Amino acid sequence: MGASEAALHFLSGEFSCQFRTSSILAKSSSLLCYEHCLKSRNFGDMRYQQIKGLSKWKKCSSLNAFRGIHSVFGGEKLRSRSKSLICNCQQPERFNEAIIKNGNGRSIHAISSKIPNHAQDEQMIKQENGAQLFSKGLKTAATVNSAFPRTNTDSIEDEAWHFLRAAMVYYCGTPVGTIAANDPSEATMLNYDQVFIRDFIPSGIAFLLKGEYDIVRNFILHTLQLQSWEKTMDCYSPGQGLMPASFKVRTVPLDNDESATEDVLDPDFGEAAIGRVAPVDSGLWWIILLRAYGKCSGDLSLQERVDVQTGMKMILKLCLADGFDMFPTLLVTDGSCMIDRRMGIHGHPLEIQALYYSALLCAREMLAPEEVSTDLVRALNNRLLALSFHIREYYWIDVKKLNEIYRYKTEEYSYDAINKFNIYPDQIPPWLVEWMPSKGGYLIGNLQPAHMDFRFFALGNLWSIVSSLATIDQSHAILDLIEAKWEDLVADMPLKICYPALEGQEWRIITGGDPKNTPWSYHNGGSWPTLLWQLTVACIKMKRPEIAEKAIMIAERRLARDRWPEYYDTRRGGFIGKQARLFQTWTIAGYLVAKQLIANPEAAKILINVEDTELLSAFSSILSSNPRRKRSRKGVKQSFII
């Protein structure tokens, strides 16, 4: 038995459902064609005619293993253009009987009878939408939400857990994620009925801290199955290793037989998103969640699997690939992260760099020690050193650095230039001169040639603390700034996604006059309660939990009363966002994670990256050298520029 065949045989026992790829999709790069097929009465016949040539169906684990190990063992590369994974499921009752009869025990596709009985409403949702289209299941969940009104005796946390469980999505009888929002008042769901990778992270952390590991494990493996599929837009395919922004579970009749159904995983890599931008942060969050799962559950077998290792390497190779960029930071376009609309963050936004640094550290910790990983680890270490120096040295701003920029000389050439990026002092905005406190500082939002984005971006700064991208002194200074500017950054609802908002002509030029990102709304200075959990992790790491506790108390006054909005508007966060969805899942999950971590601060270690002593030593060595000394080009071994 060959190595590839042996690996497939070894991994095949982990799944119990059968699937096949819908080859009709191979002839179309359009999602419209696929949805038309789903709605067609002859869908089953069409698909069976297309797959007559297949000798037999593969098990889910077999495809997962094949796609994961083809780059390791040199197998043939999977070239399918299909946009979905299709699982041939029996009805729930027959499915359960088959599993019990076969005695497979626990697996990723655990039967519904083995799912923990958390709440009666969760079981009601599952039973009612098990054989219906997922959109109908959403209506059922909304009905359940309205059927369980809040009472004075119920705590906010109990209510939050109720709504989080009501947002759970099932694939082949097992939970695989949570939808973005479950707002019963919204007639049009857009893509809020999908499972977003970035949105599921706080949900996954909440379930991990609760001791419910299966949903996170399922999520990790199913998104991994979607990773390698070719996605095209205008005849162009993005780099291999890209993770989807989101996926949707569709339950459709099998072969026009209403008594049997099949589940379909339908991923979106950005080709259907508003703006058509691929997500850069999805793969980075996936690696961070994979590490958190192993640390919290103690189950390291997941990250040691061949397919998981390969998927992680593919993400790293995609991010570490050489290109035209001269900086160690990751070059991305607008809308590729939490701020997924045009907001002038194209280039090297801080949020992506902080997640990138954290993902590199997490991956290095989990990579299996083998010869094929040596070059990857070397490249990873080089990038970590260059990235940490670049961000700490050139992104940091406080009163001292501000005064230094104010006195910059321009048009400097050569290696000993002080103003390396040719920043013009006139770029310093008037608001910053008045706003910068004497104690405290932060990492600016972006840095490019002749451009510094001086806005404060919350997620990037908080995750720089969590990942140790910022130094200890810088981390304390960021929290000092949040305390000093509490009325601007927190006020009536934590936490401003960025500060200040773009207004007037600047807003029109940079956002294109975006009617959703008007000043002090949505991404343009809006307040996002989901940022509570990142704030809590950062505060716990720096042993200053009282800051997070104060923010949580402010949020608790309104979140449940306001029905868990997506975001808040106005300078102080006083109004529910004009287009905010209610019962927003990551608002609910962010609150729950914050409360769990405050109750058990030690649990924050599953997310925190401790600073590497070797990197710290190398970084100190660079700083101790004379910055004005001309560096010789001869003998330079590093492949990066600092």
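1. Rings of Phe, Tyr and Trp, the last taken by its six-membered ring, count as a pair if their centres lie within 6.5 Å. In this predicted model, W431, W435, Y442, F456, Y499 and W520 form one aromatic cluster, and by the pairing rule the count comes to 22 aromatic pairs.

2. A pair of aromatic rings is described by the distance of the centres and the angle of the planes. For W285 and W533 the ring centres are 6.1 Å apart and the planes stand at 45 degrees, so this pair is tilted. The two residues come from distant parts of the chain, 248 residues apart, with W285 in helix α11 (residues 281–297) and W533 in helix α22 (residues 532–541). Both W285 and W533 are buried.

3. Within the cluster named above, which includes W431 and W435, these two tryptophans form an edge-to-face pair, with 5.8 Å from centre to centre and 65 degrees between the planes. Both lie in helix α17 (residues 430–435), where they are four residues apart, about one turn of the helix.

4. Is each of W431 and W435 buried or partly exposed? W431 has a relative accessibility of 26% and therefore counts as partly exposed, whereas W435, with a relative accessible area of 6%, is buried.

Note on methods:
Residues are numbered from 1 along each chain as its sequence is written. This is a predicted model: local features need pLDDT of at least 70, side-chain atom pairs count only at pLDDT 80 or more; totals for chains, interfaces and linings use all residues. Side-chain values use heavy atoms; hydrogens and water are left out. Rings of Phe, Tyr and Trp (its six-membered ring) pair if their centres lie within 6.5 Å; planes under 30 degrees apart count as stacked, over 60 as edge-to-face and the rest as tilted. Buried means under 20% relative accessible area, exposed over 50%, partly exposed in between (1.4 Å probe, protein chains only).
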